[in-house]
Amino acid sequence: DVECKPFLAHRAVQEELRHMWMGHHWDPALKCFHHAGSLKGYFSCPRSSMTTFNLFYITYLAMLIQVVTQENRVEEKFTNQEIAIYFYILGFTLKEVASVVRQKIKYLNDQWNLLDMSICLLSFTCFAMRITHPHDPSSEFQNWYSIFMCTILICTFSRILVVFQVDRTLGPLQLMLSSMFKDVFMFCVLALVFLAGFSFGLYTLYHKHNPETFGTVSASAIYLFWGTMGDLSLPDLDVESIIISRYGKWLF
């Protein structure tokens, strides 16, 4: 609204932001930027903080992959990897709680914050399931636990995109793809409207003649979807009315 993009793109402002990112401080006497020099100042600068966070995050992701992909996903006792994962999630949750207290309702305006919240909630759900259910490979609990863990893994991989935002090359590319995704989403909505209409139409014509393929609206929609990919053709149906047969083929 205030046309801040040209201001932020100015060379002097970019230089100032770069020094802030590196942890440099302005010295009024020398009229130049310099590093604080202390170890605390080095690790408290934005670049070092983000590097440390990314290293811990990559370690957490590696352990999560090992836990999710192991053959016996749920054991009677917590493994060392699971203990380390839940300790990381505990610290991650405390950081998110601090962000909620600081930002309040504005916290929900960021899509990455919603993703972080989902990771925390799903992780604590899995932790509760591990405690309340015994080790029983044949129970339905095993299936739900696997679904939750796989969802956590997908969300964790998706969060890597946050790192790309600070890169000079990948950051603008990610913004461009985000804008393109909105257009693709609108196209998919329009395509689903037409797919739903044709699915109801073919279901009405052929559900009595071929219940295996057109017995339900959802089955008709799936058949039409693969038909748009060019993989299927309309099966031969025993339809007495020539008009219905030809009209159905025309719809398909």
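A crossing of two helices is left-handed if the near helix is turned anticlockwise from the far one by less than a right angle. I start with that term, then turn to the model, which is predicted.

**Entry 1: α6 against α7**

I looked up how α6 passes α7, and the crossing is left-handed. The two helices pack at an angle of about 155°, with 9 Å between their axes. Angles over 145 degrees count as roughly antiparallel, so α6 and α7 are roughly antiparallel to each other. I then checked which residues meet. From α6 come W112, L115, I119, L122, S123, T125, C126, M129 and R130. They meet F141, W144, Y145, F148, M149, T151, I152, C155, T156 and S158 of α7.

**Entry 2: α6 against α5**

Next I took the pair α5 and α6. Their axes lie 10 Å apart, and the packing angle is about 140°. The helices are therefore oblique to each other. This crossing is left-handed. On the α5 side I noted E82, Y86, I89, F92, T93, E96 and Q103. On the α6 side I noted N113, D116, I119, C120, S123, F124, C126, F127 and R130.

**Entry 3: α6 itself**

I checked the length of α6. It has 22 residues, and its first and last C-alpha atoms are 32 Å apart, close to the 32 Å expected at 1.5 Å a residue. I listed its buried residues: W112, N113, L115, D116, I119, C120, L122, S123, C126, M129 and R130. What covers them? I found that the cover includes α4, α5, α7, α8 (161-164) and α9.

**Entry 4: S123**

Is S123 buried or exposed? Its relative accessible area is 3%, and buried means under 20%, so S123 is buried. I set aside neighbours within four places in sequence and looked for contacts. S123 touches Y86, I89 and I152. Y86 and I89 are among the α5 residues that meet α6, and I152 is one of the α7 residues that do.

**Entry 5: the cores**

I looked for the largest nonpolar core and found 25 residues in it. Those with the most contacts inside it are Y60, L64, I85, Y145, M149 and I152. At least two residues of this core come from each of α4 (46-69), α5 (80-103), α6 (111-132) and α7 (140-158). I also found a second, separate core of 7 residues, including L202, L205, F214 and Y223.

**Entry 6: α9**

I checked whether the span of α9 fits its length. The helix runs over residues 170-206, 37 residues in all. At 1.5 Å a residue it should span 54 Å, and its end C-alpha atoms are 50 Å apart, which agrees. Its buried residues include G171, Q174, S199, L202, L205 and Y206. L202 and L205 also belong to the second core.

**Entry 7: H207**

I then looked at H207, in the loop between α9 and α10 (211-214). With a relative accessible area of 26%, H207 is partly exposed. Beyond its neighbours within four places in sequence, H207 is in contact with L202, F214 and G215. L202 and F214 are both in the second core. I also noted S220, which is 13 residues from H207 in sequence and 8.9 Å away in space, C-alpha to C-alpha.

**Entry 8: K104**

My last stop was K104, in the loop between α5 and α6. K104 has a positive phi of about 60°, although it is not a glycine. Its relative accessible area is 61%, so K104 is exposed.

Methods
Residues are numbered from 1 along each chain as its sequence is written. This is a predicted model: local features need pLDDT of at least 70, side-chain atom pairs count only at pLDDT 80 or more; totals for chains, interfaces and linings use all residues. Side-chain values use heavy atoms; hydrogens and water are left out. A nonpolar core is a set of buried Ala, Val, Leu, Ile, Met, Phe, Trp, Tyr and Cys residues joined through side-chain atoms within 4.5 Å. Buried means under 20% relative accessible area, exposed over 50%, partly exposed in between (1.4 Å probe, protein chains only). Helices (H or I, at least four residues) and strands (E, at least two) are DSSP runs, numbered from the N terminus. The expected span of a helix is 1.5 Å times one less than its number of residues. Axes are lines fitted to C-alpha atoms, for helices over the stretch in contact, and angles run from 0 to 180 degrees between N-to-C directions. Angles under 35 degrees count as roughly parallel, over 145 as roughly antiparallel, 65 to 115 as roughly perpendicular and the rest as oblique. Contact means heavy atoms within 4.5 Å.
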